[in-house]
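Subject: Structure for you to look at

Hello,

Here is the structure I promised to pass on. Please open it next to this email and follow along.

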Amino acid sequence: MNKIKLYIISGFLGSGKTTLLKQMLTQWQGQKVAILMNELGQFNVDSTILGDDTPMNELLNGCICCDLKSDVEVQLHDIRHRHQPDIIIIEATGVAHPVEIYDACLAPSLTSYIQIQSILTLVDGPRFLARAKYSVTTVQLMEEQVRYAHSVMINKKDLMTEDEIDLVRQQIQQLNSTGDIYVTSYSAVPDSVFELEGEKRESHQHLHHGIQSMVYTFSAPVDSRQFVNWLRELPDSVLRIKGYIKFRENPGQVVLFQYSYGIPQYEAEDMNLPLKLVVIGEQLDKNKILDQLDQLQFS
């Protein structure tokens with residue numbers, strides 16, 4: 001019996017993991033693919049972006065490499081028995097250590113029918129160059145996501161100069177001299193990346209970091225100008241925001257909102273999705289953010 005090929009998509013917050021996942025699904029339209037997706041919070045925005053065509057299990061409200069590591073084995077068994085896929089893709093939360101996920105997939109009960117194909121790490125090129133502004137443990141996490149990858153994609157080349165691209169490549173090579181390196185925009189990589197099989201990675205002691213998440217639920221549209229003012233006042237410790245929101249200027253329109261590296265993105269949605277925002281950052285002042293969002297909602 002052919003084993004199920006398993007891919008682990010790693011990379012820090014906002015690096016382009018879900019965009020890469022969508023490309024992989026397009027590449028393998030002729031095969032049965034299932035996804036195991038992890039989110040730090042209680043609400044998974046990415047699952048709604050991907051739609052309902054691909055079987056998906058979710059691990060929410062924790063990190064797949066520490067809090068939820070023991071659940072990986074159970075979820076993979078469930079995916080196998082319910083969907084019999086040819087390929088399983090694990091998209092980890094942006095603060096997960098890829099080697100810990102790798103270890104979780106090597107449970108004795110899994111090895112007879114699952115083959116770990118490779119760890120694919122996305123790097124947000126501009127953010128990686130500016131990583132020194134984050135805490136020591138966060139910088140270490142970003143670097144170890146690179147160090148233990150089989151293939152590294154330096155993403156967002158369109159936001160960098162040639163000199164900056166060369167500098168990121170040099171830093172990646174210093175961290176990982178054996179991995180394949182690709183320079184991309186919008187996570188577009190050659191299909192040959194997915195045919196490579198990475199060698200076994202050694203286990204590594206996971207260091208916990210100060211990254212947290214919170215979910216805020218809106219009951220009604222908010223004022224867009226006040227929302228933009230709130231974004232402008234966010235501290236650097238807020239790394240990522242994503243979710244669905246409505247604005248009073250067009251109260252019937254649901255908007256997919258994403259915020260990464262200080263850049264907001266808005267995209268109109270056709271479906272009436274739950275109005276929730278997931279906020280991810282280092283040592284979040286959750287009470288302050290809750291108060292600010294309450295003021296947005298009720299002002």
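**Salt bridges**

R131 has a relative accessibility of 13%, so it counts as buried. Keep in mind that this is a predicted model.

What does R131 pair with? Its side chain meets that of E143 in a salt bridge, at 3.0 Å from N to O. E143 sits in helix 6 (residues 136-147), while R131 sits in the loop between helix 5 (125-129) and helix 6, so the pair ties together parts that are 12 residues apart in sequence. E143 is buried too, with a relative accessible area of 19%. The cut-off for buried is under 20%.

The count of salt bridges comes to 4. Side chains of opposite charge can pair when their charged atoms come close. Here are two others to find.

- R82 and D78: their side chains meet at 2.9 Å, N to O. The two residues are 4 apart in helix 3 (residues 69-83), so about one helical turn separates them. R82 is partly exposed, with a relative accessible area of 48%. D78 counts as partly exposed as well, at 28%.
- R225 and D223: the closest N and O atoms of this salt bridge are 3.6 Å apart. R225 is exposed, with a relative accessible area of 60%. D223 is buried, at 11%.

Now go to strand 1, residues 4-11. Of its 8 residues, 7 are buried, so the strand is largely enclosed by the rest of the structure.

Which strands does strand 1 pair with? One is strand 5 (residues 114-124), joined to strand 1 by 8 bridges. These two run parallel. Look for S10, which stands opposite T121 in strand 5. Another partner is strand 4 (residues 87-91), with 5 bridges, and this pair is also parallel. There, I8 has I90 as its bridge partner.

Next, strand 10, residues 254-260. Is it covered or exposed? It is mostly covered, with 7 of its 7 residues buried.

In a regular strand the side chains alternate between the two faces of the sheet. V254, L256, Q258 and S260 point one way. V255, F257 and Y259 point the other way. All of them are buried.

Strand 10 pairs with strand 9 (residues 238-245) in the antiparallel sense, over 6 bridges. Here I241 has Y259 as its bridge partner. Strand 10 is also joined to strand 11 (residues 263-269) by 7 bridges, again antiparallel.

**A charged patch on the surface**

Where does negative charge gather? Look on the surface for E162, D163, E164 and D166, which form a patch of negative charge. E162 belongs to helix 7 (residues 162-175). At 58% relative accessibility, E162 counts as exposed, because the cut-off for exposed is over 50%.

**One more residue**

Last, find N38 in strand 2 (residues 33-38). N38 is buried, with a relative accessible area of 2%. Then find I172, which is 134 residues from N38 along the chain. The C-alpha atoms of N38 and I172 are separated by 25 Å.

Best wishes

How values were computed: Residues numbered from 1 in each chain as written. Predicted model: local features only at pLDDT ≥ 70, side-chain atom pairs only at ≥ 80, totals over all residues. Heavy atoms only, no water. Buried < 20%, exposed > 50% of the residue type's maximum accessible area, 1.4 Å probe, protein only. Pairing = 2+ DSSP bridges. Patch = residues over 30% accessible without salt bridge, like charges linked within 9 Å, V, L, I, M, F, W, Y side chains within 5 Å. Areas by Shrake-Rupley, 256 points an atom, 1.4 Å probe, with all protein chains shown as cover. Lys, Arg positive; Asp, Glu negative; His and termini not counted. Charge placed at Lys NZ, Arg CZ, Asp CG, Glu CD.
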